[in-house]
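This report goes through a few local features of one protein chain, grouped by region. Please keep the sequence and the 3D view at hand while reading.

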Amino acid sequence: MQVSIKWLKDYIDFTETPEQLADKLTMAGIPVENVVDPGEGLEKVVTGRIEKLEPHQNSDHLQICTMNVGLAENIIIVTGAQNVAEGQVVPVAMVGAHLPNGMKISKGKLRGVASNGMLCSAQELKLDLEKLPEEQKTGIFILPSDTPVGIPAKDVLGLNDVVLEFELTANRADCFSVFGLVREIAAITGNKPHFPEIKVNEDDNTKLNDIFSVEIADPDLCSRFSTRMLKNVKIGPSPEWMQQRLEGAGIRSINNVVDVTNFVMIELGHPMHAYDYDKITGKKLIARRAIEGEELHTLDDTSRKAKGEMLVIADSEKAAGLAGIMGGFETEITDTTTTTVVLESADFYGPCIRRTARACGLSSEASGRFERGVDSETTIKALDRAAQLLQEMGACTVCEGIVDVYPNPKQANYVTFTPEQINNHLGTNIAKDVMLNIITSVGFDVTKDENDEITVKVPSWRNDVTCMADISEEIARLHGFDKIKSTLPNGVSMQGTQSAKQTFIDKVKASLSSQGLYETISFALTNEETFNKLNIPQDSPLRKAVPIMNPLSDEYPLVRTTLLSSIFDNLARNLARKNDDVALFEVGSVFFPKALPVTELPDEVVKIAGAITGRRNAQGWNQTNDMVDFYDAKGIIEELFANLRVTRYTVEAGTHYAMHPGKTALFKKGRDVIATVGEVHPAVLSAYGITKPVYIFELDATTVMKYMAKDLKYKALPKYPATSRDLAMLVDVDVNAADIEKAMTKAAGQNLTQITLFDVYTGKQVEEGKKSLAFSLTFQSNDKTLTDAEIDPAIEKIVAKLQKDFNANLRG
């Protein structure tokens, strides 16, 4: 939104400079982004008449001009321009001028003749060349012959105005108009506005209701639709003052009818549109939803396919334009328009206008105002103002009556409050009379004042005011935020800290990163095909994923239920780019719906997953080319648990949908699985096009957190040496080493401090169906050095327990 100072001063007097006014408006919550002076750099450019023109004696292209610039004596200026003649009035840059194009004017000599200034072209003055005739775009800019000499050129060129550029918030739709800004200036300065009296002389006896009608087919998208008819319309240029006002608002002049609709839109904040009456089929306008696929030929000479959710203005046969955005090409007002014009002023549903504008890639001054909300009560006022302006130009006669369809008139909004409530809300001590003066200064009517309770009627143009808090904001900004004392908020302050879960996640990331794994971050999206690739059973809860109503692409329509989907996508992407040595992990959420279709928020579960493949060490002359295996992945989890202080877990064989049978290990605490590690199933590798072994791990964050040691307890190092004994035994191949370790721990007593499995053997020297396991047992006491006599009984108990429970046979 931009508007010129002259336009504002048409309706209110103020003594503030543009910069001072901009500061006051900004402090009152109406932010001014820029103060633009179109005449900047023209301070020493005046009008001058060429009294005498003679050729330069020492040049075949220079001319000597004797210029009358309103001084006591004429001045001499040497020019190379060829389009000048005696008697012409032109812009003259005097000595000391600093032109908008950066040129500085000083005294000089051209081929021996002193020159005291410069004749200016349109380019040197930085005029808008598009608005100039071809002959004025090059050479010296020629002014009308009756232009007075010696006056500032910017006064003649219409550049003696200053433009304020506003950066308004969306809730202040009323300030997207000159009237709205004038009301704000009146409240700030204390001066009274003098708005024009809007009055129309209906000087044509034709009754509009007899020859024209309006219909609202979709009242949810159009709350009011009003029209007025003008006859004997004379299409032509607008008055110069109107063109200047529109130019200050950034709008190009077209013709008097179109300019008036634009002028009223900026003045009142209510967009309008003009139709060529003879081109409206059926002499009726309808506000309706578009018919899917119907053709629209808009003013930008573009054919568009309408969609069913768009709102259009149509006649009895076709759509005549996109409501609130752009009119139709066929009903456009041009120099060939016949003498009858229909003016339309309506109120359209803002969200619909915004969606349509975005869908069509069209954004206009009108759509911006409808998106923010216009005042339904202004439609008739806008029609009358447009008719009045054209009538005052002698450009039309006005038909009798207005066609106005307003099925659900807008109800007035009332807000009740007390001064005490306002002061408590703001932390101020503003007097009641001051509050009343402030709210009445911006158009609020005080309708009730009893027992210190105030009820105000909110103006129809203030859609942003609905409650006491909004009233307090009005009072605060107009009273002055700088007058409100700064205070610290009351209450007990608390130090912000991380949650336990976030601290846990940070520790997990630090541990895995320190082991050489790279963290990845993925979108929590997946698809049905991923479930098949991961070998997830058809009846698994992991297949019950939440569908997305508006997916970013058809490739990812579901919310993931397993983090391995993201791990494998990243892994396959790396391998496809010849990054053969991969070690990565991700900590992220997966989502499980309580029911499908979703009726409440799904459960969000944090998972930890990773994958490794390729060489164990970085390639180098001093490194081996050993490949990672299952025990590298298992070691990653063991190191992670050591860092998280998760102890006394067991490791046993298990199964997992994406892992190789017989090559999968479960880390368990009691019955809870705290981690799963294994080699990827061949079918999964094949589905992802991976031809080398991959080892993965998966953990549930909540489960692991449950078994972290909460408190650290330190104890002194043992004073007495430890004693080790080795036990080798034959057991059935299906016996788990973990079960044997449990049995030995239970049988040995408190002096057994460590058990290490250091050998597993099956081969020629071991009978079929058996395997050899060798354990190293460490015994140690905090009180004394243990003797063989104290260790042997423990060994005997261990052997007896193993023989009983596992039919184990000791090997020599």
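## Terms and basis of the model

A residue is called buried under 20% relative accessible area, exposed over 50%, and partly exposed in between, with a 1.4 Å probe and protein chains only. The model is a predicted one, in which local features need pLDDT of at least 70 and side-chain atom pairs count only at pLDDT 80 or more, while totals for chains, interfaces and linings use all residues. Residues are numbered from 1 along each chain as its sequence is written, and side-chain values use heavy atoms, with hydrogens and water left out.

Asn160 is partly exposed, at a relative accessible area of 30%, and sits in the loop between helix 4 (153–156) and strand 10 (163–166); helices (H or I, at least four residues) and strands (E, at least two) are DSSP runs numbered from the N terminus. Not counting residues up to four places away in sequence, Asn160 touches Lys6, Lys154 and Asp155, where contact means heavy atoms within 4.5 Å.

The side chains of Asn160 and Lys6 are joined by a polar contact of 2.9 Å. Such a contact is a pair of N or O atoms within 3.5 Å; within protein, one must be able to donate a hydrogen and the other to accept it, and residues adjacent in sequence count only if both atoms are side-chain atoms.

Asp464 lies in the loop between strand 26 (453–458) and helix 14, and is buried, with a relative accessible area of 18%. Its side chain makes a polar contact of 2.8 Å with the side chain of Arg462, and, leaving aside neighbours within four places in sequence, Asp464 is in contact with Asn171, Arg172 and Asp470.

Strands count as paired if DSSP finds at least two bridges between them. Strand 32 (residues 650–653) and strand 33 (residues 659–669) run antiparallel and are joined by four bridges, one of which pairs Ala653 with Ala665 of strand 33; a hairpin of five residues connects strand 32 to strand 33.

Strand 33 also pairs with strand 34 (residues 672–680), in the antiparallel sense and over seven bridges, and here Phe667 has Ala675 in strand 34 as its bridge partner. The hairpin of strand 33 and strand 34 has two residues between the strands, and Gly670 in this hairpin takes a positive phi near 65°.
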